[in-house]
Amino acid sequence: MSPEEIDRIFEQTLTPDYDDEGAWEAVRKLHLTGGREVYERAAGWCQSGNSLKRARGADILAQLGRTEGRHSHDFPDECFSVVSGLVQREKESLPLLSAVHALGHIGNLLAVAMVIEHRLHPSADVRFAVACALGNFANDKRAADALVALMQDSDEDVRDWATFGLGVQGDLDSGQIRDALFDRLTDPDRNVRGESLLSLAKRQDQRALPALIAELNQPEISDRAFEAAETFLGDSFEVSERNPSGYVVAIKQRFTL
């Protein structure tokens, strides 16, 4: 790709609406392109006086060089150095949340302490980024402890991703973790309840079974409820189709309720 084409794609990321799909498509093109030239331009944007450019610089460095068939990162140490510096000095919410997300994608364990520092940020979007990023480090006790706290956040999306990160992405298991997941079975948000069901099923915590049966008896059943039932029942349970009553019968036969 020519330098002129790279310049054009960089400019396409700078739409006023940060969530604009066209801008994110341009970011993904730069991920796929990768290479030193894209790295240098994105790293330079992380030093910009323009907050949107700083955010986009971090977004690009987050997954530089990754494709569906290639999961390694171009220049991971250099990208971590640039983005971690941005996280430590950034005052504006938009570039900060981009940088926090990026640290999660880059995956350097040195990021954990930096990310945790922002768990109480006044912006729910930043706290959401913290929950997402920490999910990539969920088997680190520091990250797990922070996710337990974020599972009680006032924002449902933060609670959702904290529960998913700790319980589904992570493999740590303890009484504290199970109790935190169990508490989310009564969360007002259905997505949070679904993540907690699957997380407890993953740990074979039978306290979740009454809530799971209640969910399987609802008119509309979430995919997470089906996944939780299948996880509790194990590989020996053969499913031809997702028949809720069949799951309930199998659960009652398998477990003493």
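## Helix packing and a buried arginine

Helix H4 (residues 51–62) packs against helix H6 (residues 93–106) at an angle of about 10°, and their axes lie 8 Å apart. H4 is therefore roughly parallel to H6 (angles under 35 degrees count as such). Axes are lines fitted to C-alpha atoms over the stretch in contact, with angles from 0 to 180 degrees between N-to-C directions. Helices are DSSP runs (H or I, at least four residues), numbered from the N terminus.

This is a predicted model: local features need pLDDT of at least 70, side-chain atom pairs count only at pLDDT 80 or more, and totals for chains, interfaces and linings use all residues. Residues are numbered from 1 along each chain as its sequence is written, and side-chain values use heavy atoms, without hydrogens and water.

The residues that meet (contact: heavy atoms within 4.5 Å) are tabulated here.

| Helix | Residues in the contact |
|---|---|
| H4 | Ser51, Leu52, Arg54, Ala55, Ala58, Asp59, Leu61, Ala62 |
| H6 | Leu94, Pro95, Ser98, Ala99, Ala102, His105, Ile106 |

The contact of H4 with H6 divides into 10 nonpolar, three polar and two charged residues.

The chain has 15 helices and zero strands. Its C-alpha atoms fill a box of roughly 65 × 35 × 30 Å along the principal axes. Of the 257 residues, 49% are buried (under 20% relative accessible area, 1.4 Å probe, protein chains only).

Arg159 sits in helix H10 (residues 156–169). Arg159 counts as buried because its relative accessibility is 8%. Its side chain reaches the backbone oxygen of Ser154 at 3.4 Å. Residues touching Arg159 include Arg184, Asp187, Asp189 and Val192.

Note on methods:
Helices (H or I, at least four residues) and strands (E, at least two) are DSSP runs, numbered from the N terminus. Angles under 35 degrees count as roughly parallel, over 145 as roughly antiparallel, 65 to 115 as roughly perpendicular and the rest as oblique. Ala, Val, Leu, Ile, Met, Phe, Trp, Tyr, Cys and Pro count as nonpolar, Asp, Glu, Lys and Arg as charged, and the others, Gly among them, as polar. Buried means under 20% relative accessible area, exposed over 50%, partly exposed in between (1.4 Å probe, protein chains only). A polar contact is a pair of N or O atoms within 3.5 Å; within protein, one must be able to donate a hydrogen and the other to accept it, and residues adjacent in sequence count only if both atoms are side-chain atoms. Lists of a residue's contacts leave out its neighbours within four places in sequence.
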